[in-house]
Amino acid sequence: MSEGKIARLEDAQVSGKRVLVRVDFNVPMADGKVSDDTRLQSALPTIEWLKDKGARIILLAHFGRPKGKVDASQSLKPVMAPLSERLGAPVRFAGDCIGKQAEKAVGELKDGDVLLLENTRFHAGEEANDAEFAAQLAALGEIYVNDAFSAAHRAHASTEGVARLLPAYAGLALQRELDHVTAALENPERPLLAIVGGAKVSTKIDLLMNLVTKVNRLFVGGAMANTFLAAKGADVGKSLYEPDLLGTAREIIAAAEKSGCQLLLPEDVVVARELKAKAARRVAGLDEIARDEMILDCGPATIDALADSIESAKTLVWNGPLGAFEMTPFDTGTVEAARFAAQRVRERKLVAVAGGGDTVSALNHARVAGDFTFVSTAGGAFLEWLEGKPLPGIEVLRQMPQTDMDAAS
């Protein structure tokens, strides 16, 4: 991560100012209505803080992938009513995020008012981080706030370009996310354990290479563990694995050993001849997997060993499920490990931070997402942060010239 203090919203003087707030309203929709309001809820603290301070709040967001063209099916207008309901105050809407419609709507704002602008991705300049488009957005405001960690890994006009043109700050939701992931990886209470699962090593090479240099123990589960097992000489039958990445797996194993990171792999597994709910299954040792069987979950000895690692850890970072958790009974390893970690958090003996799309689904499936210290819904941004990559939408908040900060205050 780059050095430099991130400018925080609490340091800004916002009363009477037009404040552009980048939020993540790329929410699930069903029949034209918001079906999951998690991202709306996460934006409320920043919006409410700005309202209380008398700011004129202008919300920027994207929705879907309209590829630079207006698409009524990907309008943000359906977000206006549920956001207003949760905020307990009116939310205005402008049919564009730049131009005369946006300028007129912004011009009508009074202190404490909230305005939602139309999908920034209706303009090709958004994803291209076009300087002219960023300037048109910036002209609507006097202060910029990024409150969308989930979009911070994109160098888009509304996440990075505008922040170079206005005094820029991290919103409350973004700060909370950064505080938790930073505490978990950069200044953790040790021992630090990482659990990484999922299907493919190929999607998490950078993550694994970074983690082995930072954590005390790394448990690899899910189908990606099969590639590691095969790299160590196990016959994984017809299990999903990546034969072209056996060398990469060995490199990660060697890197872990060099860094003093204990790399943990399944020591027994649950196998079946087909992947379907309630399929006939059995527990097998690593030398007992038949050619027509596939590994679909961790075995009981592995779960016990992982529980021991969780019990001895002070901090846990989790990304990815440990088996085919979508199908019973191959959710056992994920569910039992998640519930044990949640119990340790409740007992105040563990700080547990998790993130990534499948991870959130898995923890919700285990009914413990609310018990973890922090669960990030950011997906790609969370993964890139764990990989040690700089996030453009975060880095630009570190680079604000002191003169801009002075002007803002």
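Guide: Begin with contact, which here means heavy atoms within 4.5 Å. The model is predicted.

Visitor: How many residues has the largest nonpolar core, and which have the most contacts inside it?

Guide: That core has 76 residues, and those with the most contacts inside it are Leu117, Phe149, Leu208, Leu218 and Ile394. Helix 9 (residues 224-231) gives the most to this core, contributing 6 residues. A second, separate core has 31 residues, among them Ala7, Ala12, Val21 and Leu76.

Visitor: Does Thr359 count as buried or exposed?

Guide: Buried means under 20% relative accessible area. Thr359 has 2% relative accessibility and therefore counts as buried. Thr359 belongs to helix 13 (residues 357-365). Not counting residues up to four places away in sequence, Thr359 touches Trp318, Asn319, Gly320 and Ala354.

Visitor: What is the strand order in the open sheet of 6 strands?

Guide: The order is 11-10-9-15-16-17, and the pairing is parallel. Strand 11 (262-264) and strand 17 (374-376) stand at the edges; each has a single partner strand, so one side of each is left without a neighbour in the sheet. From one strand to the next, the twist averages 15°.

Visitor: How many bridges join strand 16 to strand 17?

Guide: Strand 16 (residues 351-355) and strand 17 run parallel and are joined by 3 bridges. Across this pairing, Val353 stands opposite Phe374 in strand 17.

Conventions:
Residues are numbered from 1 along each chain as its sequence is written. This is a predicted model: local features need pLDDT of at least 70, side-chain atom pairs count only at pLDDT 80 or more; totals for chains, interfaces and linings use all residues. Side-chain values use heavy atoms; hydrogens and water are left out. A nonpolar core is a set of buried Ala, Val, Leu, Ile, Met, Phe, Trp, Tyr and Cys residues joined through side-chain atoms within 4.5 Å. Buried means under 20% relative accessible area, exposed over 50%, partly exposed in between (1.4 Å probe, protein chains only). Helices (H or I, at least four residues) and strands (E, at least two) are DSSP runs, numbered from the N terminus. Two strands pair if DSSP finds at least two bridges between them. Axes are lines fitted to C-alpha atoms, for helices over the stretch in contact, and angles run from 0 to 180 degrees between N-to-C directions.
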